[in-house]
Amino acid sequence: MVALLKREVQIAWRSGGGALTGVLFFLAVVTVFPFAVGPDTKLLSHLAPAILWIGALLASLLGLDRMFAQEREDGSLDVLVMQGHPLMAVFFVKAFAHWLMSGLPLVLATPLFGIMLNLSPLGIGATMVTLLAGTPAISFIGAAGASVAVKLPRGGMLISVLVLPLVIPVLVFGIAAITGALQDPAPFTAPFLLLCAITLFTSVLGPLAASVMLRHSAD
Amino acid sequence: MTPENAIHTGPSNLWGLANPTRFMGFANRAIPILACLTILLFGIGLYLSFNAPEDYQQGYTVLIMFIHVPAAWLAMMTYSVMSISALGSIIWRHPLADVSLRTAAPLGAIFTFLALATGSLWGKPMWGTWWEWDARMTSVLILLIIYLGLIALSKAFDEPSEAAQPLAIMTLVGFAIIPIIKFSVDWWNTLHQPASVSRLDTPAMGPEFLYPLLIMALAYMALFFTLHFMSMRNEVLARRIRAMKMKQARRG
């Protein structure tokens with residue numbers, strides 16, 4: 001399993017820096033927002049958590065349909081399926097590797113973009129923590145969507161449409177936790193713990209769905 | 001390739017054919033009965049609805065409730081029917097379960113849309129706005145998006161039988177997550193604007209409203225099953241035509 005994880009990360013790293021592209025997309029989204037809402041720093045700092053979360057959401061969705069597609073094309077997916085490891089664990093590792101290469105860089109890039117959006121240090125911290133807890137859920141639900149994409153070579157857009165409604169809870173609780181950290185009466189712990197719970201829940205559900213989907217698709 | 005796979009992917013599989021045939025016989029008999037039942041129930045339900053007394057607060061607009069609330073119920077029931085079909089489709093790989101799942105999705109989307117549209121028409125005189133980001137409306141809107149996504153997915157494959165598994169899995173994933181979405185949307189709304197919109201708070205609905213509502217709900221259900229069986233019959237026929245065309249094409 002560790003070997004698989006290492007292999008996944010190496011492939012993602014060497015094939016044109018997938019992580020960097022995600023961060024670049026994140027940067028582009030963050031840059032576009034001030035053009036849309038105006039350069040008012042007060043307004044921007046108010047909107048910053050929302051902008052960062054939506055940017056992270058879109059950036060994570062970006063490469064989703066390719067999560068299993070390349071392996072499918074070169075046949076290594078069939079090898080993984082036939083190896084006899086528990087399939088759920090295999091897809092868990094693959095989804096986790098996807099998060100390491102797409103979600104984690106976004107978390108690390110957040111402080112810089114937070115400063116650009118005039119977000120307070122506390123807000124930056126809260127955004128980072130919630131992104132750290134929440135973005136894995138996007139990768140895990142995405143694994144289910146990506147397993148569908150394997151059978152659907154040109155379905156990138158459709159996968160996003162299917163996955164986006166399912167990650168709404170992640171967004172809701174992520175933003176709720178940030179609001180809780182920044183404004184006094186609202187609670188931080190409750191939405192944050194719910195966010196963690198959703199991530200744990202999807203870490204089972206997503207790989208399970210992917211393993212059911214891909215077990216029989218080897219042909 | 002495993003044997004079960006061979007059965008599944010084979011053209012017009014052997015044991016699947018027998019069952020759809022039996023289903024067709026059943027559907028042919030059931031559809032007229034269900035259609036009559038639907039008309040009868042709608043007749044009674046609409047008659048009772050229009051004779052329901054005016055609400056002391058809402059006046060005549062309360063009549064919208066009799067078409068709005070059953071549509072919302074049916075929107076949820078249809079998803080349950082789809083999830084059960086999805087289980088059948090994954091576990092037994094039964095073609096009829098896939099037919100049921102696929103044909104229920106547009107019906108569910110239409111009921112969801114009806115619930116949203118009538119709710120919007122009701123909201124204008126009552127709340128003074130067509131749309132409010134109220135927890136309930138938002139979660140129904142998300143349900144509509146999920147329905148539309150599933151319909152798009154079911155149409156995205158060249159070979160209809162290939163769509164069966166992805167469709168069933170995404171339906172079940174949705175079924176697992178929808179309660180969380182519902183809960184999160186409730187949380188989200190109460191966080192931002194606590195109780196700015198009070199829904200129809202009739203503590204105990206009087207029988208003069210309750211009976212027409214229940215009869216209308218039964219009428220909607222009968223309508224759903226009539227349409228569902230009809231479109232399942234259509235889908236089975238369409239697949240047979242497709243199989244015949246393939247056979248003909250192969251013969252040259």
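**The model as a whole**

The prediction comes with an ipTM of 0.82 and a pTM of 0.83. In chain B the mean pLDDT is 80, and 83% of the residues reach 70 or more.

**Chain A**

Let us start with chain A, which holds 10 helices and zero strands. Read from the N terminus, its elements therefore run α-α-α-α-α-α-α-α-α-α. Its C-alpha atoms fill a box of roughly 55 × 35 × 30 Å along the principal axes. A compact globule of 219 residues would have a radius of gyration near 17 Å, and the 18 Å of chain A agrees with that. Of the 219 residues in chain A, 49% are buried. Its contacts also reach across the sequence: among those between residues at least 6 apart, 81% join residues at least 24 apart.

**Where the chains touch**

Next comes the meeting of the two chains. Here 27 residues of chain B are in contact with 23 residues of chain A. On the chain B side, the elements that give two or more residues are α5 (135-155) and α6 (164-192) of chain B. The most come from α6(B), with 15 residues. By type, this side of chain B divides into 21 nonpolar residues, five polar and one charged.

**A helix to look at in chain B**

Helix α4 of chain B, residues 95-127, has 33 residues. From its first C-alpha to its last it reaches 46 Å, close to the 48 Å expected at 1.5 Å a residue. Along the way α4(B) bends by about 25 degrees at A105(B), and the proline P106(B) follows within four residues. After the helix comes G128(B), which has a positive phi, near 80 degrees.

**How confident is the prediction in chain B?**

The table sets out the helices of chain B with the lowest and the highest mean pLDDT among its elements.

| Helix of chain B | Residues | Mean pLDDT |
|---|---|---|
| α1 (lowest) | residues 3-9 | 41 |
| α3 (highest) | residues 64-91 | 89 |

Over residues 1-18 of chain B the pLDDT is below 50, and this stretch has 11 contacts in the model beyond near neighbours in sequence. Residues 193-199 of chain B also stay under 50, with three contacts beyond four places in sequence. Where pLDDT is low, predicted coordinates should not be read in detail.

Conventions:
Residues are numbered from 1 along each chain as its sequence is written. Chains are lettered from A and ligands numbered from 1 in the order in which they are written. This is a predicted model: local features need pLDDT of at least 70, side-chain atom pairs count only at pLDDT 80 or more; totals for chains, interfaces and linings use all residues. Two residues are in contact if their C-beta atoms, placed from the backbone, lie within 7 Å. Ala, Val, Leu, Ile, Met, Phe, Trp, Tyr, Cys and Pro count as nonpolar, Asp, Glu, Lys and Arg as charged, and the others, Gly among them, as polar. The expected span of a helix is 1.5 Å times one less than its number of residues. The bend at a residue is the angle between axes fitted to the seven residues ending there and the seven starting there. pLDDT is the predictor's confidence in each residue, from 0 to 100. The radius of gyration is taken over C-alpha atoms; the globule rule is 2.2 Å times the number of residues to the power 0.38. A residue is buried if 20 or more other C-beta atoms lie within 10 Å of its own, exposed if 12 or fewer, and partly exposed in between; C-beta atoms are placed from the backbone.
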